[in-house]
Amino acid sequence: MQPVALQSLSELERASLQELALFWLQERLLVGHLSLDRDGSKGIKSIRQKLESFSKERKDCSPHTFGVPLPQVIANDRACRQLQEAVGKSRRLCLEVEATVTRFRAQRQRRLGMGTSCIWAPDGGFPEEPLSPALLDKSSWSQRRGAMSVDSITDLSDDTSELLEALQLSHPHELDPRRSRGKKKALSLNPISWQVPRIVDRCCTHLETHGLQTVGIFRVGSSKKRVQQLREEFDRGLDVFLDEHQSVHDVAALLKEFLRDMPDPLIPRELYSAFLSTARPAQLDTLQLLLFLLPPCHSDTLLRLLRFLGEVARHAESSRDPEGREIPGNKMTASNLATVFGPNILQKEKPGEKDAGALNFEDSAAIILVLQRLIEHHHSLFMVSPEMQCDVLRRLFQTDPDVIEYLLRRKFPDVPSPEHEDPGEDPAPSGWTRSMERGSVSSELYSNVSFLNLDVGI
């Protein structure tokens with residue numbers, strides 16, 4: 001078994017790793033105020049409920065990006081992407097209709113102009129080109145909205161246009177809390193999709209492409225007017241593309257504003273003291289366990305940001321190209337970047353609250369040290385060691401034994417399947433569950449992972 005990226009684990013494995021990390025941290029007396037109670041008894045929340053509750057304060061869709069909880073930003077991005085895909089499909093259908101009608105008119109005019117000298121088809125009719133496949137596909141008809149063309153949306157009044165957009169945005173399950181009310185969500189046996197807001201990914205990509213050699217990036221001032229315009233475009237849900245014409249300093253300021261205005265920072269405030277305690281030497285193991293506690297959307301977004309900051313720090317010093325010409329460095333070392341981003345990622349109080357901006361020297365220095373270590377060691381901190389993977393499987397063997405064989409076969413794909421299994425059968429989780437129920441777990445598979453018989457201690 002080899003170390004794997006945290007994002008490659010299934011949703012069930014990540015939840016189990018989260019609980020194991022909390023157990024180990026509680027033994028170190030770092031986060032004793034959180035509970036592992038999975039039944040959710042009165043007055044006590046499970047760790048998953050506790051951490052996810054950080055991002056469930058608002059349910060509206062406007063604004064789309066700034067000042068909105070991170071999961072809602074991701075849900076808004078997904079809804080906008082689905083709307084754009086639907087509009088694109090409708091536009092393609094309209095073009096197919098237009099092309100077919102144009103061909104039909106041209107053929108009819110040729111037939112009328114040719115009179116009796118026209119060429120007839122073998123069956124006595126006039127030869128015509130076949131209809132577009134899009135018109136023959138009746139499954140797409142149900143997606144058309146009456147006789148309204150997609151191009152006519154812009155001609156609607158503001159109220160009607162907003163109503164149409166609201167109807168489009170009402171489809172994602174995340175925007176309808178009634179769907180999940182009273183229902184316990186089943187955790188997936190597959191990895192969770194990459195959960196990074198569009199604004200973070202596009203800002204980081206733009207700066208990686210155009211800003212790595214910009215001296216004083218994140219420190220030089222920007223145009224407030226241009227930044228405000230970009231901010232409003234993202235908040236309106238527009239598909240904003242950042243190209244080479246955008247100022248590097250404007251995009252850098254936009255990224256900082258997004259992180260600053262998050263109602264819940266990337267590292268939840270409830271873990272503020274625990275993270276600061278890792279500023280002492282030889283605390284990387286503890287820092288990694290704390291990262292495992294983060295909800296997936298916070299963890300994925302933090303990793304994307306740290307990768308970018310690590311790339312910026314790598315270009316801090318001047319260098320020379322193959323022809324000997326000097327390439328200026330951006331002067332933003334990991335320490336300088338931690339100074340700029342630390343207060344936005346690690347926050348003790350909510351913005352606007354009393355003493356929110358008052359930090360003593362010890363806390364400020366600790367924040368810089370912690371974020372500097374995150375930047376310098378993010379490659380290893382977000383990896384799950386073989387030992388931790390074994391501990392996760394041990395725990396799941398006790399709590400969810402019906403899924404163990406499927407998870408093991410993902411990790412050991414070279415081990416032969418049970419003899420009675422159909423080799424052509426799709427290795428779906430349900431198939432492995434049926435095998436478990438029949439008691440057909442491969443003995444060869446378990447001989448390679450005998451650690452499952454050990455007690456995890458929880």
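Helix axes here are lines fitted to C-alpha atoms over the stretch in contact, with angles running from 0 to 180 degrees between N-to-C directions. This is a predicted model, where local features need pLDDT of at least 70, side-chain atom pairs count only at pLDDT 80 or more, and totals for chains, interfaces and linings use all residues. Residues are numbered from 1 along each chain as its sequence is written, and side-chain values use heavy atoms, leaving out hydrogens and water.

Start with the whole chain. The protein chain has 17 helices and four strands. These are DSSP runs numbered from the N terminus: helices are H or I of at least four residues, strands E of at least two. Of its 458 residues, 43% count as buried (under 20% relative accessible area, 1.4 Å probe, protein chains only).

Next, select α8 (residues 248–261) and α12. Their axes come within 8 Å and cross at roughly 30°. That makes α8 roughly parallel to α12 (angles under 35 degrees). Show Lys-256, Leu-259 and Arg-260 of α8, then Val-340, Phe-341 and Asn-344 of α12: these make the contact (heavy atoms within 4.5 Å).

Now move to α13, residues 361–381. At its start, a side-chain oxygen of Asn-360 reaches to within 3.2 Å of the backbone nitrogen of Glu-362.

Definitions and conventions:
The bend at a residue is the angle between axes fitted to the seven residues ending there and the seven starting there. A polar contact is a pair of N or O atoms within 3.5 Å; within protein, one must be able to donate a hydrogen and the other to accept it, and residues adjacent in sequence count only if both atoms are side-chain atoms. Angles under 35 degrees count as roughly parallel, over 145 as roughly antiparallel, 65 to 115 as roughly perpendicular and the rest as oblique. Buried means under 20% relative accessible area, exposed over 50%, partly exposed in between (1.4 Å probe, protein chains only).
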